[in-house]
4 protein chains.
Amino acid sequence: MEKLYFASDYMDCAHPAVLQKLCENNLAHASGYGSDTFSDAAREKIRTACRCPGADVYFLTGGTQSNVTVIDTVLRPWQGVISATSGHIQIHEAGAVEFCGHRVIALPNRDGKITAEQIDACVAEYWGDDNHEHMVMPGMVYLSQPTEYGTLYSLQELEAIRAVCTARDLALFIDGARLAYALACPANDVTLPDLARLCDVFIIGGTKCGTLFGEAVVIPVSGFIPHFVTQIKQHGALLAKGFVNGLQFDALFTDGLYHRIGAGAIEKADRIRAALVAHGYSLGIPSPTNQIFFIIDDAKRQQLEERVAMSFMERVDERQVMMRFCTSWATKDEDVDTLISIL
Amino acid sequence: MEKLYFASDYMDCAHPAVLQKLCENNLAHASGYGSDTFSDAAREKIRTACRCPGADVYFLTGGTQSNVTVIDTVLRPWQGVISATSGHIQIHEAGAVEFCGHRVIALPNRDGKITAEQIDACVAEYWGDDNHEHMVMPGMVYLSQPTEYGTLYSLQELEAIRAVCTARDLALFIDGARLAYALACPANDVTLPDLARLCDVFIIGGTKCGTLFGEAVVIPVSGFIPHFVTQIKQHGALLAKGFVNGLQFDALFTDGLYHRIGAGAIEKADRIRAALVAHGYSLGIPSPTNQIFFIIDDAKRQQLEERVAMSFMERVDERQVMMRFCTSWATKDEDVDTLISIL
Amino acid sequence: MEKLYFASDYMDCAHPAVLQKLCENNLAHASGYGSDTFSDAAREKIRTACRCPGADVYFLTGGTQSNVTVIDTVLRPWQGVISATSGHIQIHEAGAVEFCGHRVIALPNRDGKITAEQIDACVAEYWGDDNHEHMVMPGMVYLSQPTEYGTLYSLQELEAIRAVCTARDLALFIDGARLAYALACPANDVTLPDLARLCDVFIIGGTKCGTLFGEAVVIPVSGFIPHFVTQIKQHGALLAKGFVNGLQFDALFTDGLYHRIGAGAIEKADRIRAALVAHGYSLGIPSPTNQIFFIIDDAKRQQLEERVAMSFMERVDERQVMMRFCTSWATKDEDVDTLISIL
Amino acid sequence: MEKLYFASDYMDCAHPAVLQKLCENNLAHASGYGSDTFSDAAREKIRTACRCPGADVYFLTGGTQSNVTVIDTVLRPWQGVISATSGHIQIHEAGAVEFCGHRVIALPNRDGKITAEQIDACVAEYWGDDNHEHMVMPGMVYLSQPTEYGTLYSLQELEAIRAVCTARDLALFIDGARLAYALACPANDVTLPDLARLCDVFIIGGTKCGTLFGEAVVIPVSGFIPHFVTQIKQHGALLAKGFVNGLQFDALFTDGLYHRIGAGAIEKADRIRAALVAHGYSLGIPSPTNQIFFIIDDAKRQQLEERVAMSFMERVDERQVMMRFCTSWATKDEDVDTLISIL
């Protein structure tokens, strides 16, 4: 018997509608490097969804690649990027930001989040030091929405962070690798137009939200990153067949697919969370999105892993660990039922 | 009436067999970053095709990305890479090699090729200079097969270059972005096992040879590039869903598809070349592969472009230009017939 | 009336013996880039002082420059350097390590120091993570002796750190920008031969210890950093008139000058410390070297600053601050007397 | 008998007036990193000499360091620097420009010089290419005055180059490592005020013109390079005791010393050149400055080298080589007499 699969949200190819779009346009004869009509159509749909008709939209391939390309092209050489200690760029990107010449200035996180106050204090410390010319100037704030722990910034929190960024001359960059699962979450009050209004750059994730690969980099104020195509190329991030990316994002933003992908995964995640709580499990992190964290003792874990693929997060104490289930567009309702029955 | 399409070889999605492989395995539940069984299967097939059972094989996304990641991880900081002045890394990669800290040492090319003698002289000049500690040490040779001009290195030429590389302690790296069109070419005498025997690293191109994207980096001596996964990640080149790459290369190396793709395109290119010559056109560059270069006067060009999409190469004189047709897996026989009838 | 000067230890030109050596050899006709006989003589004296006849010795210009050149040439691209949070490379070098592509992995310090246990735990965490291929590998330990807070590593502490470095395959690099003030300190039990035995690279500071500028980089195992001259050049750190550096270090290591410079400054610092304690001041940091830290209330500080140039360290509470006096080769006995009388 | 010394111009410590200035101010108690009054005084004298009261002036340590720091901080990441193939940055700086991420775009030189027409054609080629987004954008012109071959750009030539730079949006950077020997040369018609008017950045060389070390970077329009102190620091080029640099340049620009150094060396060089011509030697390169090139056959060379230290340039044919004499502030009249008598 095959195991139930709840280990991660980027281990299946692509939503059937996305694949179908590729198959239908197999002989594209499209022009290269994102200059094609498919990409243009996808850009236009994203601009509309963001209510930001002037935005620049670029399609890159992967998450680390997109993060680093944005950070390195927005920061000037003397600047670093502020991130939560739990931020993906700090933890699991192999030092790619430093590889491009910039420091990650890591601030302590709470459930994956940092606050406007922390950011302001960090910048104040820099400017307050007589020797700040010998120090790394904070130049950008990197957030993820949802965070690496599945939590969400509220609109109020983001407004406050934006205010600090404006006052302190910092760029605000939000990594939405799992953005579909934030946007469709009942607990969320931050929309795409909000992101376009508050961010200097943000990413609408494809890889974990229904495509084979691909992240849409949205730059609300056109031209904010100069010569971006050349800089994408320098970072090895310019896809020759950019239209493959364009076709996929066109599909995601047609007939509300991006929302449906998010909503389906959230609905399933909520059912699992409810079942966990009902069965007396403690949720390790108060995540309302498609990542479900829970505490389990070692014996039960072993038993569960015989039937279900899931992810280990960390050891809680001698007897217990925190584990993670993930749902996605690929999660089947019957698998959720079976999982709940097992719990 | 739609134009006949002969402009380039990377403007269609993917060979139907490749797309089918993706569709069949859509719910892969594969593990991430190339650690999956599909990628393993593809690696094994490539090792067999190269008769090199010990080779490391990694799947990257794009051409510039693969070139730069290989060059930057093989070279030590004090070294540069030798290339033809026509090499892709010198001309059309936005200075990505320099962006990573290394000089491209460009040698004059003849129809896109450089010789063992040129390479040897370049290295001799470095070591012969009393101040070579103040100079860039040549550390690697970059060739493309076929070249950017569609020409081929013969086995004898490559053996001679390998001998210089061995004598001079240079790594030999061959970029096979269009390798299918070399391997299937009657004029070619360099096989995959030859490449595995002669190169320190070489690339089996996917993007221009039937996949949506993807390049296979083959390292015949396992471990030649240390900590390569981390370094790929640092270069923003590690695909989360590596299995999408694995699935595509598995398809390419099943039932001889890679050869069939090359052979079909060459057969069509040869027909077009024959027709051009028969109609009195002069071929600008003696290319035997899927790129066909020819000289045409301005008036005829304009006329032709109304019916056929092709690429401009360079102006030859006041009256004539050099143009390019490309064939690929996506070229239809009837389109070749029509093109020939037009010529 | 001119203020007494105790603000810092690198605000005077050079010890008279060093200047005299330059003046005596003004028409050097020396060869360039450190290949001269003066540099050779200085190297030999340093090797003798370190009882390390095989060491490579290079003379660089400044502190940040030397730190970064060493760190960047020892680390491989996938590695970062472990430092105390108070380390100079983390605090006041403008992100120069990251600028060269490497992360500073900062560990909490105690009076400027980190421990073998902390280092071991940091490396264990890296290797213990299933995803360490996506993380920055610790590749080197950076210590300063004396530390930025004037404290000293004991021989036992360094032996323990060396043992961890050996077990964990880390390079050990000690920045001795103020090394003269450690070596001559009664509390110190770490000699130059100890440093040569324990370190992979260490720096014998000149700038703060009697020269116009200059740091001696000592590499006990010759060849440990390959092609170092070229890499120094690439980092903009190769002085054309290397002999100016050689002449200065020759003077420092002739007739025990380096020791005398240190001893004189320590003796004066000890007198000041004793006076501070006698007058009821609390020493903020237990530093036994040429930096003297003390707590003073705001009113007294203002009064004192009218007569004495000193450095502000940090605010302790609403009423008090921590200040610093520095002694050096240039400190005059009568100024110490006057300072003590003022206290 | 000691050899006559004409091998190079940076093999003696410093002009006596420069050393004296250091000795007189040995107990400087100056503030650090160039924020001292000596540096301010030197800056003011340089501004006056350049008739450019608003200029930024920074003192760096060495030639390669200054070139690379300027080039890397003026260029944006997508840009490269145009240089003569004979330019120091192209030949003998160990790829330091590429190490910082930028391509050197090398144009063929004539006696060390390039022309406005060449520069314009190079930029036109970039913009004329449909794929220029995939290419390195020329962003700066690097010239040396005098050139590496001792030749001079005329005012007319520089005006023409400036016009192209303005039209093409290129920064103009002139490396005056040997500037004293240009300014004092009768053949020269380019003054310091001309340089300040025409350049975006230029260097007044110290190392080869009378100081122990040091280059003055002059930025006529204040603020042209933002956050330059931090960027200097990141490049490892910020001298702690910046006042040592300031003191030296103060001496150079007091009582016309910089001019006298240049004039003395040129007068001696002219005498040697006249003697060479009188004795039938052919001057290999028409250099009017302190570098004297001449052709000599192998037998005579060997004979001459027994008495005179000089530099080998290149082999002319089987029987002859080109050699170089250099004069400087340190060249003695009697040595010139003896050299002439030997010739």
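This is a predicted model: local features need pLDDT of at least 70, side-chain atom pairs count only at pLDDT 80 or more; totals for chains, interfaces and linings use all residues.
User: Thanks! Where is the place of Asp111(D)?

Analyst: Asp111(D) is in the loop between β4 (104–107) and α6 (116–128) of chain D. Helices (H or I, at least four residues) and strands (E, at least two) are DSSP runs, numbered from the N terminus. The phi of Asp111(D) is positive, about 50 degrees, although this residue is not a glycine.

User: And what about Asp255(A), is it buried or exposed?

Analyst: Asp255(A) is exposed, with 10 other C-beta atoms within 10 Å. Its phi is near 55 degrees, again a positive value in a residue other than glycine. Asp255(A) lies in the loop between α11 (242–252) and α12 (257–278) of chain A.

User: Switching to chain C: in what order do the strands of the open sheet come?

Analyst: The order is β2-β8-β7-β6-β5-β3-β4, seven strands with mixed pairing. Two strands pair if DSSP finds at least two bridges between them. The edge strands, each pairing on one side only, are β2 (56–60) and β4 (104–107) of chain C.

User: In which sense do β3 and β5 of chain C pair?

Analyst: In the parallel sense: β3 (residues 79–84) and β5 (residues 137–144) of chain C pair over four bridges. Within β5(C), Val141(C) is the bridge partner of Ile82(C).

User: Which strands does helix α6 of chain C touch?

Analyst: Helix α6 (residues 116–128) of chain C packs on the sheet and touches β3, β4 and β5 of chain C. Its direction makes about 165 degrees with that of β5(C). Axes here are lines fitted to C-alpha atoms, for helices over the stretch in contact, and angles run from 0 to 180 degrees between N-to-C directions. Two residues are in contact if their C-beta atoms, placed from the backbone, lie within 7 Å. Helix α7 (residues 155–168) of chain C lies across β5 and β6 (171–176), at about 145 degrees to β6(C).

User: Which residues does the cis peptide bond in chain C join?

Analyst: Gln145(C) and Pro146(C), with omega about -10 degrees. Pro146(C) lies in the loop between β5 and α7 of chain C. In chain B, a cis peptide bond joins Gln145(B) and Pro146(B), where omega is about -10 degrees.

User: How many residues does the contact take from chain C and from chain D?

Analyst: It takes 45 residues from chain C and 45 residues from chain D. On the side of chain C that touches chain D, the largest share, five residues, comes from α3(C).

User: Last one: how many residues of α3(A) are buried?

Analyst: Twelve of its twelve residues are buried, so the helix is described as mostly covered. Among them are Gly63(A), Asp72(A) and Val74(A).

Key
Residues are numbered from 1 along each chain as its sequence is written. Chains are lettered from A and ligands numbered from 1 in the order in which they are written. A residue is buried if 20 or more other C-beta atoms lie within 10 Å of its own, exposed if 12 or fewer, and partly exposed in between; C-beta atoms are placed from the backbone.
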